[in-house]
Amino acid sequence: MAKIIYPAKVEIGANIGVTAMSSGLGDDRGKIKLENARKNFINKGFQIVETSNVKLDKKLASSSALDRASQFLELIEREDIPYIIIACGGEFLMETIPFLHENKEKILNAKPKWIQGFSDVSLLNFYLTTNYNIATIHANSFSSFAMIPWDKSLKTPVDFVQNPSDFMQNNYHFFEKERDRSPGAECNPYNLTEKVVYKNLYEGDASFSGRIIGGCVDVLKVLLGTPFDNTKNFCNSFEEGMVWYLENCEMPITDIKRTLWQMKMAGWFENAKGFIFGRTNSRADIGDFTYEDALHDILDDLKVPVIYDVDFGHVAPQWTIINGAFAEFEYSDGEGKLNQIITR
């Protein structure tokens, strides 16, 4: 049976690598967030090692695909960097995957380190975990840590890497309906106004467990049919089965159905024990076709639990999810909790 590789703990005083694998933080707003995130981490006792592409941004990317991959691999190979947080999300991280795959020996031979990010970066995490069995962290990217003070959801991954051990997360009570993006609001706390209510696609309580894997469906779908898709093999290598967590940034619900269908046809869900879907603002009905219809049409015949509007994704705040960890999820009456077991 396959085993997951968990990187070592990160000590106070350690270097945190920051690189831009997708977009960069080249505009005024991005630079403000970058500087304040750096200060916040330094104030907590860490050092920041920033690659040269972090402050660049042209045509929706920080630099060329080769350059982004090369700068990431430089951080991977450095023995003095145990933790890498990707600068921000974006659109075209997929261009870097072929270059990473060509240099797989560098990844395999390097001392494992924690890699963190979400949105477009969830493709990087997913690729690393499903191809190399290295645990990765689905949590906020570096720019989010500009917040003053840090939300609980930002503290969680930083606390975790300092003591990688089993941990439980309960649902949050409120979420942010809309982010304030006005000038001067770059470091503002979340505006938590809406009550969190998890929903069951079926009836009653639900509990399920397995290895957890997933990310943003908008970008995970690009792996399908490529030489870099080891998902079916990865999932079927764990007898305990898989817990899938998936979230949608901006796809219409028709695309969600098409994408889930393609994942299912590719064998990704053969070993699924349950699904959790993150909150999304992209769920408008199209005619009489609903978001729930999309989930029912693809997932009903799997006969496993499906819970949605869960605390992860592009609608803050979000849980910290460790790709590859053994996960236990419980749902009851609109609430839920996720236990992730690192020692298994």
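**Questions on rings, a helix and a sheet**

Trainee: Are Phe 41 and Trp 150 buried or exposed?

Mentor: This is a predicted model, in which local features need pLDDT of at least 70 and side-chain atom pairs count only at pLDDT 80 or more, while totals for chains, interfaces and linings use all residues. Residues are numbered from 1 along each chain as its sequence is written, and side-chain values use heavy atoms, with hydrogens and water left out. Buried means under 20% relative accessible area, exposed over 50% and partly exposed in between, with a 1.4 Å probe and protein chains only. By that rule Phe 41 and Trp 150 are both buried.

Trainee: How many aromatic pairs does the structure hold?

Mentor: Rings of Phe, Tyr and Trp (its six-membered ring) pair if their centres lie within 6.5 Å, and planes under 30 degrees apart count as stacked, over 60 as edge-to-face and the rest as tilted. The number of aromatic pairs in the structure is 20.

Trainee: What kind of aromatic pair do Phe 41 and Phe 142 form, and how many residues apart in sequence are the parts that it ties together?

Mentor: With 5.3 Å from centre to centre and 10° between the planes, the pair of Phe 41 and Phe 142 is stacked. Helices (H or I, at least four residues) and strands (E, at least two) are DSSP runs, numbered from the N terminus. Phe 41 lies in helix H1 (residues 28–43) and Phe 142 in the loop between strand S5 (136–138) and helix H6 (152–162), so the separation of the parts tied together, in residues, is 101.

Trainee: What is the relative accessibility of Phe 142, and what kind of pair do Phe 41 and Trp 150 form?

Mentor: Phe 142 counts as buried because its relative accessibility is 0%. Phe 41 and Trp 150 have ring centres 5.1 Å apart and planes at 65°. This pair links Phe 41 in helix H1 with Trp 150 in the loop between S5 and H6, 109 residues apart, and its kind is edge-to-face.

Trainee: Which residue has its charged end over the ring of Trp 150?

Mentor: A charge sits over a ring if NZ of Lys or CZ of Arg is within 6 Å of the ring centre and within 35 degrees of the ring normal. Here the charged end is 4.7 Å from the centre of the Trp 150 ring, and it belongs to Lys 44.

Trainee: Which residue does Ile 148 join through a cis peptide bond?

Mentor: Most residues other than glycine have a negative phi, and most peptide bonds are trans. This bond has an omega of about -10°, and its second residue lies in the loop between S5 and H6. The residue joined to Ile 148 is Pro 149.

Trainee: Which backbone oxygen does the side chain of Thr 96 reach?

Mentor: Thr 96, in the loop between strand S3 (83–86) and helix H3 (97–102), counts as buried because its relative accessibility is 0%. Leaving aside its neighbours within four places in sequence, Thr 96 is in contact (heavy atoms within 4.5 Å) with Met 21, Ala 65, Arg 68 and Ala 69. At a distance of 2.8 Å, the side chain of Thr 96 reaches the backbone oxygen of Leu 93.

Trainee: Which strands stand at the edges of the open sheet of 8 strands?

Mentor: Two strands pair if DSSP finds at least two bridges between them. The open sheet has mixed pairing and the order S6-S16-S15-S10-S11-S12-S13-S9. Each edge strand has a single partner strand, so one side of each is left without a neighbour in the sheet, and these strands are S6 (167–170) and S9 (199–200).

Trainee: Which residue in S13 is the bridge partner of Lys 199?

Mentor: S9 and S13 pair in the antiparallel sense over 2 bridges. The partner of Lys 199 in S13 is Tyr 308.

Trainee: What is the phi of Asp 309?

Mentor: Asp 309 is found in strand S13, and it is buried because its relative accessible area is 8%. Its phi is positive in a residue other than glycine, with a value near 65°.

Methods:
Polar contact = N/O pair within 3.5 Å; in protein donor to acceptor, adjacent residues only side chain to side chain.
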